[in-house]
Structure formats: C-alpha cells, structure tokens
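Please find below a short note for a colleague who is meeting this structure for the first time. The sequence and the model are shown first.

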Amino acid sequence: MTSADLEAVYETLARALDSAGQEQHAVLLAKLVLLLARDLDDPDLISRRIGEAGLNLTP
C-alpha cells in the first residue's frame, strides 16, 4: 500500500468517524477491527497490531 493509499484510507476513516458522531466512535472502530480481522485471518498478527495501536496514546 502506497502513502497515497494510506492517506485515502485515513480520509475515509475520518469521514466515517465524523458521520458516526463522537458517541459512536468506539463502536465504529471496534466493528472495523473485527471486520478487518476476519479478512486478515491471522490472530497473532491482529493481536500484535492491536497492541501497537495502543502504544503512546495520551490519556
């Protein structure tokens, strides 16, 4: 995936989050992760990526 592809995915995600509203961000993201996890079909990789996503978050 190119940088341009990643930017397009980011923009699509940003629009979806805006449309969902702040109250539904977590639900949308959880559903997205589960859908992508099903596509990847690699539980170990998915678990590592979830861990990586949680790094360096500010409370």
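The numbered points below go from the whole chain to single residues.

1. Overall make-up. The model is predicted, not experimental. The protein chain has three helices and zero strands, and its elements follow one another from the N terminus as α-α-α. Taken along the principal axes, the C-alpha atoms fill a box of roughly 30 × 30 × 25 Å.

2. Surface and burial. Of the 59 residues in the protein chain, 10% are buried. The chain exposes about 5,200 Å², and 60% of this area is supplied by carbon and sulfur atoms.

3. Helix H1 covers residues 3-20. With 18 residues at 1.5 Å a residue, H1 should span 26 Å, and the distance of 26 Å between its end C-alpha atoms agrees with this. H1 is followed by Gly21, which has a positive phi near 85°. Gly21 is found in the loop between H1 and H2.

4. A nonpolar surface patch. Which residues form a nonpolar patch on the surface? They are Met1, Leu6 and Val9, and together they have about 340 Å² of accessible area. Leu6, one of the three, is found in helix H1.

5. Helix H2. Helix H2 takes in residues 25-40. Along the chain, Ala37 and Ala20 are 17 residues apart, and their C-alpha atoms are separated by 21 Å.

6. Asp41. In general, most residues other than glycine have a negative phi. Asp41 lies in the loop between H2 and H3. With a relative accessible area of 65%, Asp41 is exposed, because the limit for an exposed residue is over 50%.

7. The salt bridge. How many salt bridges does the structure hold? The structure holds one. In this salt bridge the side chains of Glu52 and Arg49 meet, with 3.0 Å from N to O. That distance of 3.0 Å can be set against the cut-off, since a salt bridge needs the nitrogen within 4 Å of the carboxyl oxygen. Glu52 and Arg49 stand three residues apart in helix H3 (residues 43-53), so about one helical turn separates them. Are the two partners buried or partly exposed? Glu52 is partly exposed at 41% relative accessibility, and Arg49 is likewise partly exposed, at 46%.

8. Asn56. Asn56 lies in the segment after H3. Phi of Asn56 is near 60°, a positive value in a residue other than glycine. Asn56 is exposed, with a relative accessible area of 78%. Between Asn56 and Ala26 there are 18 Å in space, C-alpha to C-alpha, and the two are 30 residues apart in sequence.

9. A further distance along the chain. Gly21, in the loop between H1 and H2, and Thr58 are 37 residues apart in sequence. In space, the C-alpha atoms of Gly21 and Thr58 are 21 Å apart.

Terms used:
Residues are numbered from 1 along each chain as its sequence is written. This is a predicted model: local features need pLDDT of at least 70, side-chain atom pairs count only at pLDDT 80 or more; totals for chains, interfaces and linings use all residues. Side-chain values use heavy atoms; hydrogens and water are left out. Helices (H or I, at least four residues) and strands (E, at least two) are DSSP runs, numbered from the N terminus. Buried means under 20% relative accessible area, exposed over 50%, partly exposed in between (1.4 Å probe, protein chains only). The expected span of a helix is 1.5 Å times one less than its number of residues. Patches are made of residues with over 30% relative accessible area and no salt bridge: like charges are joined within 9 Å, nonpolar side chains (Val, Leu, Ile, Met, Phe, Trp, Tyr) within 5 Å. Accessible areas come from the Shrake-Rupley method with a 1.4 Å probe; for residues, only the protein chains shown count as cover.
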